[in-house]
Amino acid sequence: MVIKMDPMDIMVADVNSEALGIPRIVLMENAGKCVAEQIFTISKKCKVAIYAAKGGNGGDGFVAARHLIQKGYNVELYFIGTESGIKSSETRMNWKIIQNLGIYNSSLNIFKIHDSSQVEPTNADIIIDAMMGTGVKGKLREPISTAVEVINDSDAVVVAVDIPTGMDPLTGSVTDRAVMANHTVTFHKPKTGLLNADTKYVGNLTVCDIGIPMEAELFTGPGDILRLNRREMNSHKGQNGRVLVLGGNGNYSGAPALAALAALRSGVDIAMVACPKSVSSSIRSYSPNLIVRDLSEDYVRFEDSSDILELSDSADSVVIGCGIGIKDETGLVLNEMVEKIQKPIVLDADALKIVDRNVVKDSDKKIVLTPHKAEFRAFFQVDLPEDLDDKIKTVEGTAAELGCTILLKGAVDIISDGNRTKLNSSGNPGMSVGGTGDVLAGLVAGLISKGHDVFEAAFLGSYINGTAGDIAEKSYGYNFLATDVINEIPKVFKEK
Ligand SMILES: NC(=O)C1=CN([C@@H]2O[C@H](COP(=O)(O)OP(=O)(O)OC[C@H]3O[C@@H](n4cnc5c(N)ncnc54)[C@H](O)[C@@H]3O)[C@@H](O)[C@H]2O)[C@@H](O)CC1
Ligand SMILES: [K+]
């Protein structure tokens, strides 16, 4: 499960729960109702002033207003901003509803505030701060900033919705000013910032379950696309990642090429393949986009070590194993490479048959293993239980013991680094075609080289690989090829 809840995790959970079929309007309804229930515990039937802005936080405020007037509270609703600025449909819907109620209900007064001169002190018993939540960016602009001052100068009991306005949701820091709340009602999980913040702003914290299912965090989903690093616009060659693929032997030339091409399709600038001479010309012939470096003869041997280390210096991540063969000498070389290569490593396919697990255990660098069931058993000498929960626990325990990230491929991919776990159910039976494992390994290495931490790169790679396979399945049915999956990868990136 995701442990910290920073704004990105919240946005992802929000989109994933929508993808699971739970509309955001339901989350907002639950959030607003929860705020009203907090007011009910503070005092019965009194005067409540709600300061709401035009984002989702404001939407929560509109919902709370509605529940309060149903219970006989006298509500002053200060809407700060312009109605045209209301972007989300759920906030707009709740703005319409509360205005409809305002026509009839004399205990609801709505004030529209465009500039700071209109911000009035209130003699309300309770103030609800529904101005800024996780969407706050930078210094508070007017009239929000003045509203914060007026709220802090009042002697009402102050209840902040989700985050006290003016607080950074991630760090909890307050650059210029923030609402000092007596109570903060936050949703789903305490935001990281609230846990580090000065209590004079947060007051006592209530965490409300608003109906985001745990699957929205445990499983990858379309929301996770938001995590993809944006390509720096002023980027120059190599800044967007460089991947080295070490693989191939005898007559296995396709696997390393697929991994390298998948890395390129994940948006890296440079994909190099280091392979035995016997396969380098066929790899070159697959695609002019690949930089191919010849090693010696027809399988990776001792004399290749220094070349490989030198090549790894100019890469940001290294994939080891695709089609590399299972010769003992190759295994000994790879053990040395895992020890000496100073970059994150993705160990895939044959490497999982010949690399010594203790080499992985002893290394302090970031290593991702991408086994399927049989490779998992061979590498870890551990039988995987059938039951999903037990399987997850086995993967978590093994990853923790080895201090690495494991991406166990299956109908549901299990990704764990020992303390965080994600599942991925994207993909379809067509993914069993040869080469999709190489594509996945290349994707994971590509994402690492673009700055994602290895655990995130592993679960994003798993989601993107499966989703590209789902797109391929739409045009080819189950008979798509690994190269078709590669060609669909950019479409998944475009989804965000
Ligand atoms: N993510 C979720 O699952 C849910 C979120 N909900 C609410 O939605 C909120 C997030 O909504 P939003 O992303 O719309 O963001 P916010 O509602 O936090 O506010 C962002 C709005 O304020 C403006 N703004 C941003 N920085 C500003 C500044 N420095 N000065 C003045 N105005 C500024 C922006 O233009 C934007 O319109 C959460 O805090 C929560 O209250 C709830 O509805 C429950 C569901
Ligand atoms: K707030």
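Which atoms coordinate the potassium ion (ligand 2)? Select ligand 2 in this predicted model: the donors are Asn-57 (OD1), Asp-129 (O), Asp-129 (OD), Met-132 (O), Val-161 (O) and Ile-163 (O), at 2.6 to 3.2 Å. Donors are N, O and S atoms within 2.8 Å of the metal (3.2 Å for Na, K and Ca), and water is not among the atoms, so sites may look incomplete.

Next, display Asn-57 and Val-161. Asn-57 belongs to helix 3 (residues 56-70) and Val-161 to strand 5 (residues 157-161), so the pair ties together parts that are 104 residues apart in sequence. Helices (H or I, at least four residues) and strands (E, at least two) are DSSP runs, numbered from the N terminus. Both Asn-57 and Val-161 are buried (under 20% relative accessible area; exposed is over 50%, partly exposed in between; 1.4 Å probe, protein chains only).

Move on to Tyr-78 and Phe-111. Their ring centres are 4.9 Å apart and their planes at 20°, so the pair is stacked (centres within 6.5 Å, planes under 30 degrees apart; over 60 is edge-to-face, the rest tilted; Phe, Tyr and the six-membered ring of Trp). Tyr-78 is buried at 5% relative accessible area, whereas Phe-111 is partly exposed at 34%.

Finally, select Tyr-299. Arg-301 lies over its face, 4.4 Å from the ring centre (CZ of Arg or NZ of Lys within 6 Å of the centre and within 35 degrees of the ring normal). The charged end of Lys-327 also sits over the Tyr-299 ring, 5.0 Å from its centre.

Residues are numbered from 1 along each chain as its sequence is written, while chains are lettered from A and ligands numbered from 1 in the order in which they are written. Local features need pLDDT of at least 70, side-chain atom pairs count only at pLDDT 80 or more, and totals for chains, interfaces and linings use all residues, while side-chain values use heavy atoms, with hydrogens and water left out.
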